[in-house]
Each structure stands twice: as structure tokens, then as C-alpha cells.
Amino acid sequence: MKKNMGTTDKSIRILAAVVMVVLYYTNILSGMAAIVPGILAIVFLLTSLISFCPLYLPFGINTRKRKNK
């Protein structure tokens with residue numbers, strides 16, 4: 001797996017995951033409305049930790065900064 005996520009992208013995903021978790025624990029989201037964002041939060045955290053998003057591959061998206069040689 002070649003890394004394709006930059007620092008800003010990872011930060012936004014982590015922030016979104018934290019917001020979803022806070023909404024769940026404050027009982028703003030519950031039941032089925034909490035399951036989908038919960039799964040999404042887990043995916044956001046995992047992709048942020050490994051710096052790789054499989055959905056970026058088919059579209060050729062890469063948010064990492066390019067190294068100048």
C-alpha cells in the first residue's frame with residue numbers, strides 16, 4: 001500500500017471521527033442513526049492511522065505533499 005493521504009486530510013478525518021463519537025456519547029445520535037456514523041468514524045480513524053485510503057486509488061487522488069528532488 002502506497003501512502004496517499006496528507007496531514008491535512010488525516011487531521012480532518014480524525015476530527016470528523018471525534019465529532020461522531022461525541023455525538024454518540026451525548027445521545028444526540030442513537031439507534032440506527034448512530035450505527036452508520038460509528039462505522040464511518042472507525043473507517044476514518046483506520047485510514048488516518050495507515051495514511052492510505054482505498055477509495056482514492058480508482059480516482060488517482062493523492063493528498064500527500066510531493067517531495068522536490
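Colleague: What share of the contacts in the protein with a separation of 6 or more comes from residues 24 or more positions apart?

Modeller: Those residues account for 81% of such contacts, where contact means heavy atoms within 4.5 Å. This is a predicted model, in which local features need pLDDT of at least 70 and side-chain atom pairs count only at pLDDT 80 or more, while totals for chains, interfaces and linings use all residues. Residues are numbered from 1 along each chain as its sequence is written, and side-chain values use heavy atoms, with hydrogens and water left out.

Colleague: Which elements does the protein have, and why is it called more spread out than a compact globule?

Modeller: Helices (DSSP runs of H or I, at least four residues) and strands (runs of E, at least two) are numbered from the N terminus. The protein has 3 helices and 0 strands, in the order α-α-α from the N terminus on. Its radius of gyration is 14 Å, well over the 11 Å that the globule rule gives for 69 residues, so the protein counts as more spread out than a compact globule. That radius is taken over C-alpha atoms, and the rule is 2.2 Å times the number of residues to the power 0.38. Along the principal axes, the C-alpha atoms fill a box of roughly 50 × 20 × 15 Å.

Colleague: Why is Ser48 called buried?

Modeller: Buried means under 20% relative accessible area, exposed over 50%, and partly exposed in between (1.4 Å probe, protein chains only). Ser48 has 6% relative accessibility, so it counts as buried. The residue lies in helix 2 (residues 32-50). Beyond its neighbours within four places in sequence, Ser48 is in contact with Met5, Lys10, Arg13 and Ile14. Across the protein, 26% of the 69 residues are buried.

Colleague: Asn27 and Ser51 sit in loops; how do you know whether each is buried or exposed?

Modeller: Asn27, in the loop between helix 1 (7-25) and helix 2, has a relative accessible area of 64% and is therefore exposed. Ser51, in the loop between helix 2 and helix 3 (56-59), has 7% relative accessibility and therefore counts as buried. Asn27 is not a glycine, yet has a positive phi of about 60 degrees. Ser51, not a glycine either, also has a positive phi of about 60 degrees.

Colleague: What makes the nonpolar surface patch?

Modeller: Met1, Ile42, Leu46, Leu49 and Ile50 make a patch of about 600 Å²; Leu46 is in helix 2. Patch residues have over 30% relative accessible area and no salt bridge; like charges are joined within 9 Å, and nonpolar side chains (Val, Leu, Ile, Met, Phe, Trp, Tyr) within 5 Å. A salt bridge is a side-chain nitrogen of Lys or Arg within 4 Å of a carboxyl oxygen of Asp or Glu. Accessible areas come from the Shrake-Rupley method with a 1.4 Å probe; for residues, only the protein chains shown count as cover.
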